[in-house]
2 protein chains.
Amino acid sequence: MTPVTAPSASSAALKPARADSQDAFQRLMDLVAGDLESVNRLIADRMASEHAPRIPEVTRHLVEAGGKRLRPILTLAAARMSGYAGEDHVKLAATVEFIHTATLLHDDVVDESAQRRGRPTANLLWDNKSSVLVGDYLFARSFQLMIEAGSLRVLDILANASAVIAEGEVLQLATANDLGTGEAAYLQMIHGKTAALFAAATEVGGVIAAAPEAQVQALKTYGTALGMAFQIVDDVLDYGGASATLGKNTGDDFREGKVTMPVLLAVAAAPDEETRAFWKRVIEKRDQAEGDLERALELMSAAGALAGAESRARAYAAEAREALAAFPPSDLRAALEGVVEFVVSRLN
Amino acid sequence: MTPVTAPSASSAALKPARADSQDAFQRLMDLVAGDLESVNRLIADRMASEHAPRIPEVTRHLVEAGGKRLRPILTLAAARMSGYAGEDHVKLAATVEFIHTATLLHDDVVDESAQRRGRPTANLLWDNKSSVLVGDYLFARSFQLMIEAGSLRVLDILANASAVIAEGEVLQLATANDLGTGEAAYLQMIHGKTAALFAAATEVGGVIAAAPEAQVQALKTYGTALGMAFQIVDDVLDYGGASATLGKNTGDDFREGKVTMPVLLAVAAAPDEETRAFWKRVIEKRDQAEGDLERALELMSAAGALAGAESRARAYAAEAREALAAFPPSDLRAALEGVVEFVVSRLN
């Protein structure tokens, strides 16, 4: 794999086979494999609690369920690509994973979810109380970890990300069943819910490496755009198959009446009052009957809503790839370009 | 009020009239009144959210309900008593109040409470989701504020306090209805739940003032002991009247089967198997009938359980007062001594 051909190969093939893209993610994992092991050890160490055994029980359930460790891997790769030779990026990567895990625990309470990563959620196995409090514990632990890295700028980035994430989640509550949500409000919401942590994950990698400011900003742009693409792809997949790889069932968002990009586009293209009334009933009132999901899919297809959402995801993916031009070609840069393909390839 | 006579007067009168002690708290408030106004302005400013109006709605409900602002006042007083002349203590005081408010929001979800400070709780007025997420937002905002103060040692203290608080809350879940909870586990739990934030509130005041290490440690001891006394008094009051001032009804802990100090002491003194079976039924199984609370109160009275808990609270109060000897006499020191009396006087 040469640093120059890999990116051009991946941008030439806009829809590479799934397997190729998974290889791309695997390549990135291989490049940071040693660091990632250190992250996993640190996570296992810091999620323990001397006094409250319930804490590691709950976190182990989530941590063992796996997840791709995408966010911490991004931090590790961003730091190394920026020439970082120290070890503090391991702490920051673990921090990012702790924030992510804490968010998942609280999300499951808020969404009243029963499944996460194909396993029963913590709120179902234990109770909502444990999910709320263990989430708080992980937030506090993440905070201790990032302080150890000793950089006030890093702290600032992660604190701001935490505030934007929480704000995005509250915004999601407010817009959840509201068809009046515009595309701007939806993008704002998924920026908070998803892209803010991706952006912080990559930006802190550059900051800890004391990279030139232009590269730090490029990493932030990369993370933001990758996160936006990731979430829009997720929202499209909820209406479009390939659900097995997500541990999520097609139609979950529909059943919850969530206003996502495909719904927004379909509603905007609604040809008549009857169609608008349909969307109002199933999304705003959540009054759904047999056949409604199929009707929604037909309307989306007629409106080109899924294709429209896909094209927006691909535009963000392109933005993410372009941001990497701030770095000289390298194996790590090629692998980070590959991850963009990996995220979008889930649509294929 | 001279700095020398005030402390000796308050330690001479172990059970001053309630009114006198409320005066003592008022004196402390008066001494930091200007700073406290700055804290209130900062809180109002930072709890806002550009994008999610639900956030200030929920926080305003809690903030306007009042509360005594005891914790931020302690931070302000500790900093000024340590000779601090800057303005960053205002940020730290607001930080402490945000952490406290976030904890209350999550507590109400966990306890399924319907009332807080005599008003319906946020989880009842809005929903559990809002309480969880707005609590997360306040944690993140507190984190941004403390970073602005720019001291890694302060950050470390507050991060550790946050972890201990969350751990204490999880520990409370585990011990809630377990009569096997020993006094040590109970003390550990209330240390996390209450004393850790009092300790951090006072300690950071000394740290931001760059006080000598002995004084910083004395402030930490003061805050810890005051917090322990505060929580034990709360637990005693739940079985003993004066409930109007708490916005809490006598017997709430009993109905929830909470294992608190009075229960622990009464169970330890149970004279026979039948009495032990009674406690097992009402606390562990929460199988309660009419007259059970009265029976519990009789058993506590016979065992001297409330008096025993009170004497432990007074021992912590004495420890808090003694810690202040690390500081030269001053109006602020006298007022901080007065606050100890204020906390214990709720028993009268």
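Helices here are DSSP runs of H or I with at least four residues, numbered from the N terminus, and the model shown in these views is a predicted one.

**View 1. Asn160(A) within helix α9 of chain A.** Asn160(A) has its place in helix α9 of chain A, and because a residue counts as buried at 20 or more C-beta neighbours within 10 Å and as exposed at 12 or fewer, the 17 neighbours of Asn160(A) make this residue partly exposed.

**View 2. The contact between chain A and chain B.** Chain A brings 37 residues to this contact, and chain B brings 37 residues. On the side of chain A that touches chain B, the elements giving two or more residues are α4 (54-64), α6 (88-111), α8 (128-148) and α9 (152-175) of chain A, and the most come from α9(A), which gives 14 residues. Sorted by class, this side of chain A holds 21 nonpolar, 9 polar and 7 charged residues.

**View 3. The rotation axis that relates chain A and chain B.** Chain A is superposed on chain B by a rotation of 180 degrees with 0.0 Å of shift along its axis, at an RMSD of 0.0 Å, and the two copies are therefore related as by a two-fold rotation axis. Val132(A) is the residue of chain A that comes closest to the rotation axis, with its C-alpha at 3.6 Å. Both copies use the same surface, in that 100% of the contact residues of chain A recur in chain B.

**View 4. Domain 1 and domain 2 of chain A.** The domain assignment divides chain A into domain 1 (24-150) and domain 2 (180-331), and 20 residues of domain 1 are in contact with 17 residues of domain 2 within this chain. On the side of domain 1 of chain A that touches domain 2 of chain A, α5 (70-81) and α6 of chain A each supply at least two residues, and the side as a whole comprises 10 nonpolar, 7 polar and 3 charged residues.

Technical notes: Residues numbered from 1 in each chain as written. Chains lettered and ligands numbered in written order. Predicted model: local features only at pLDDT ≥ 70, side-chain atom pairs only at ≥ 80, totals over all residues. Contact = placed C-beta atoms within 7 Å. Nonpolar A, V, L, I, M, F, W, Y, C, P; charged D, E, K, R; others polar. Least-squares fit on C-alpha atoms with pLDDT ≥ 70 in both. Domains from an automatic or database assignment.
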